[in-house]
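Please open the model in your viewer and keep the selection tool at hand. The tour below goes from one selection to the next and says what is found at each stop.

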Amino acid sequence: MICLICGMKVTSRSFDFNKYSFIEKNTEQEIINCPFCGVSKVYLDNQKNVYNVEKSLLDKQTIKILDNAMKLEVYNGEFYEEASKLAKSESLKKMFKDLSNIEFMHAKVHKRLGGFSELPKLHKPDYTRHNTDKLLLEEANKREEHAVLFYMRNMSKVSSEIVKKVFKALSEVEKQHIDLTNK
Ligand SMILES: [Zn+2]
């Protein structure tokens, strides 16, 4: 099956990728979420084309919003990468690493939709003040809340129905992450 959101192929080899980022995990028999970007199985399809837009048809505001969405996901992906190194618990390290992969995949989706040539290089904050697993989880939870709000707020502002659909799908993934980091 192909994921209409991220374009990746879900196979018997990839079904359990990033499994620690999910509350309900895929099995080979039952795929619940895309293992690459986390979206629901309703977006897994062999018959339809991967969601895409013609950049020339997007208005300025939509391109700006996609740029911000890409930055937000890179920022969160980098946070999770750091958090996976800083976390003390082994299970948390794994979860943060998988969440990092998922958020970077979201950034790549926005990169494709917005027709951007590369992922942004952002200033990396120093996260070492989050020196307990509890503080890392709190920070993660705050970011997920922020991401959901971002997608909700911008869903009505984008001019493309496709971009709207992608924002809806990704916001549902981030909602799961809120639950996952709410410990
Ligand atoms: Zn996907």
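Two residues are taken to be in contact if their C-beta atoms, placed from the backbone, lie within 7 Å. Helices (H or I, at least four residues) and strands (E, at least two) are DSSP runs, numbered from the N terminus. The model is predicted, so that local features need pLDDT of at least 70 and side-chain atom pairs count only at pLDDT 80 or more, while totals for chains, interfaces and linings use all residues. Residues are numbered from 1 along each chain as its sequence is written.

**First stop: helix α4**

Select residues 161-180, which form helix α4. Now colour Val163, Val166, Phe167, Ala169, Leu170, Val173, Glu174 and His177, the buried residues of α4; a residue is buried if 20 or more other C-beta atoms lie within 10 Å of its own, exposed if 12 or fewer, and partly exposed in between. These buried residues pack against α1 (60-86), α2 and α3 (133-155).

**Second stop: α2 against α4**

On the α2 side, show Met95, Leu99, Ile102, His106, Val109 and Leu113, which meet Val163, Val166, Leu170, Val173, His177 and Leu180 in α4.

Next, select Cys3, Ile5, Cys6, Cys34, Cys37, Val39 and Val166, which touch the most other members among the 46 residues of the largest nonpolar core, a core being a set of buried Ala, Val, Leu, Ile, Met, Phe, Trp, Tyr and Cys residues joined through C-beta atoms within 7 Å. Helix α2 gives the most to this core, with ten residues. Centre on Ile5, whose contacts include Cys34, Tyr43, Val109 and Val166, not counting residues up to four places away in sequence.

**Last stop: two loop residues**

Go to Asn18, in the loop between β1 (2-3) and β2 (44-45), which has a positive phi of about 55° although it is not a glycine. Asn18 counts as buried, with 24 C-beta neighbours inside 10 Å. Finish at Gln47, in the loop between β2 and α1, which counts as exposed with 6 such neighbours inside 10 Å.

Notes: Axes are lines fitted to C-alpha atoms, for helices over the stretch in contact, and angles run from 0 to 180 degrees between N-to-C directions.
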